[in-house]
Amino acid sequence: AESADLNSDKQALLAFAASLPHGRKLNWSSTTPVCTSWVGVTCTPDNSRVHTLRLPAVGLFGPIPSDTLGKLDALEVLSLRSNRLTVDLPPDVGSIPSLHSLYLQHNNLSGIIPTTLSSSLTFLDLSYNTFDGEIPLRVQNLTGLTAILLQNNSLSGPIPDLRLPKLRHLNMSNNNLSGPIPPSLQKFPASSFLGNAFLCGLPLEPCPGTAPSPSPTPPPSVPSKPKKSFWKRIRTGVLIAIAAAGGVLLLLLILVLCICICKRKKRAEPTAASSSKGKAVAGGRADTPKEDYSSSVQEAERNKLVFFEGSSYNFDLEDLLRASAEVLGKGSFGTTYKAVLEDSTTVVVKRLKEMVVGKKDFEQQMEIVGRIGQHQNIVPLRAYYYSKDEKLLVYDYVPAGSLAAVLHVQGTKPLEELHWTGRRE
């Protein structure tokens, strides 16, 4: 029964790939095992069913064929983000019983959001599409949802009162939603609702016609008491004057302290900048052993990873930026990292620093490097990324050690040192 289930999953995936054009060739074949060789496919631990399907930015183009992915009734994670999918989302895809994470952002999907969404969903991302119509009331019943991301669509109508106890992330900005924001969602920031001209209420502006908060009613009039004596009035006035003077002095003291702190920071900044610059020029090893090579990469959608022909990797820049990074070494041209992606794929990323070059010249140089990498003794360049402030090179990760370890005996394990005759070869 298990082999039949896995075989039905295999046939559904082959039908999906055959009916949907894609830019990057998938290595899916009826003659190869699904669980161990198909790109983007992960099976259950016992290899009996398909558990996860991740095909981000592989150039999928056109409508999602119905009666294909919907047959994967053991699927828990589906990611088809950053492609060019069009037309409606088939109801059988969103209603897969076991599905808990659905990533379809950055496509051209349209129509209404299906009302038959899986009750197992915990993460729903349909942002950056062209969905229209109203947010289905069915969402109110998905009590396990922790994230709903619907920004940058054409959704209209009111927002349902989503009383979802586990909801932590919400974004409905840049749609055509209208009416008051439900009380259950007023705890989220204003950025979750901006770009909806007819949406009102907390945390946005009050809805028109809303009665202002009632002012406190004045206490009932009581018979006037006899006036205080002259000396009592004098004492009260003195106390008020002292309190006012103390408040002014406190404000002045705070202002002086702020000015002193700002001046001290301004004097310290040039020293710190020159110190850090000196360390960078000296190329010392005293830097923090781990760095974030994605710190200045902010243009993931306009500048994407460019893969060379023959590369079997199946990830995009967003996956690379989420990967855990470990510094392998530093050189005059930049820093090299070992990056481990979410699906356990391991690559080497070289971050080029202080390189001023135009995009066209950079791409030409990368094509040359890519051709050189076809030599059997050179690790091939698999992909590169270019932006004005950041340049990244992606290589295969070779776990067998470094060139230095072969040229020179290192560590406690005995290595066969490479002699000069071998080095010339």
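Is Tyr 128 buried or exposed, or does Tyr 128 count as partly exposed? I looked this up and found a relative accessibility of 37%, so Tyr 128 counts as partly exposed, where buried means under 20% relative accessible area, exposed over 50% and partly exposed in between, with a 1.4 Å probe and protein chains only.

**Ground rules**

I note that this is a predicted model, in which local features need pLDDT of at least 70 and side-chain atom pairs count only at pLDDT 80 or more, while totals for chains, interfaces and linings use all residues. Residues are numbered from 1 along each chain as its sequence is written, and side-chain values use heavy atoms, with hydrogens and water left out.

**Overall make-up**

I counted the secondary structure as eight helices and 20 strands, taking helices (H or I, at least four residues) and strands (E, at least two) as DSSP runs numbered from the N terminus. Of the 425 residues in the protein, buried residues make up 36%. I also looked at contacts, meaning heavy atoms within 4.5 Å, and found that among those with a separation of 6 or more, residues 24 or more positions apart account for 42%.

**Backbone entries**

I kept one general point in mind here: most residues other than glycine have a negative phi, and most peptide bonds are trans. Tyr 128, in the loop between β8 (123-125) and β9 (130-133), has a positive phi near 55° and is not a glycine. Asn 152 also has a positive phi, of about 60°, although it is not a glycine, and I place Asn 152 in the loop between β10 (147-149) and β11 (154-157). With a relative accessibility of 25%, Asn 152 counts as partly exposed. The peptide bond from Leu 202 to Pro 203 is cis, with omega near 5°, and Pro 203 sits in the loop between β14 (198-200) and α4 (230-282).

**Nonpolar cores**

I next looked up the nonpolar cores, each a set of buried Ala, Val, Leu, Ile, Met, Phe, Trp, Tyr and Cys residues joined through side-chain atoms within 4.5 Å. The largest has 58 residues, and Trp 28 and Leu 69 are those with the most contacts inside it. At least two residues of this core come from each of α1 (2-19), α2 (34-37), β1 (41-43) and β2 (50-54), and the largest share, five residues, comes from α1. When I set aside neighbours within four places in sequence, the residues in contact with Leu 69 included Leu 13, Phe 16, Leu 53 and Val 93. Apart from this core lies another, of 14 residues, among them Leu 320, Leu 341, Val 347 and Val 394.

**Aromatic pairs**

Which rings pair, and how many aromatic pairs does the count come to? I found four aromatic pairs, under the rule that rings of Phe, Tyr and Trp (its six-membered ring) pair if their centres lie within 6.5 Å, with planes under 30 degrees apart counted as stacked, over 60 as edge-to-face and the rest as tilted. The rings of Trp 28 and Trp 38 have centres 5.2 Å apart and planes at 10°, so this pair is stacked. Trp 28 is in the loop between α1 and α2 and Trp 38 in the loop between α2 and β1, ten residues apart. Trp 28, at 10% relative accessibility, counts as buried, and Trp 38, at 4%, is buried too. I logged Phe 362 and Tyr 386 as a tilted pair, 5.3 Å centre to centre with 40° between the planes. This pair links helix α6 to strand β19 across 24 residues, both of its members are buried, and Phe 362, Tyr 384 and Tyr 386 form one aromatic cluster.

**Helix α6**

The buried residues of α6 are Phe 362, Met 366 and Gly 370. Seen down the axis, these fall within an arc of 80°, so they line one face of the helix, the arc being that of the directions from the helix axis to the C-beta atoms. They pack against β18 (346-352), β19 (381-386) and β20 (391-396), whereas the face turned away from the buried side carries the exposed residues Lys 360 and Arg 371.

Lys 359 also lies in α6, and I noted that Lys 359 is partly exposed, with a relative accessible area of 41%. An unreviewed UniProt entry annotates Lys 359 as "binding site"; UniProt positions are given in the numbering used here, feature names are shortened, and annotations may be inferred rather than shown by experiment.
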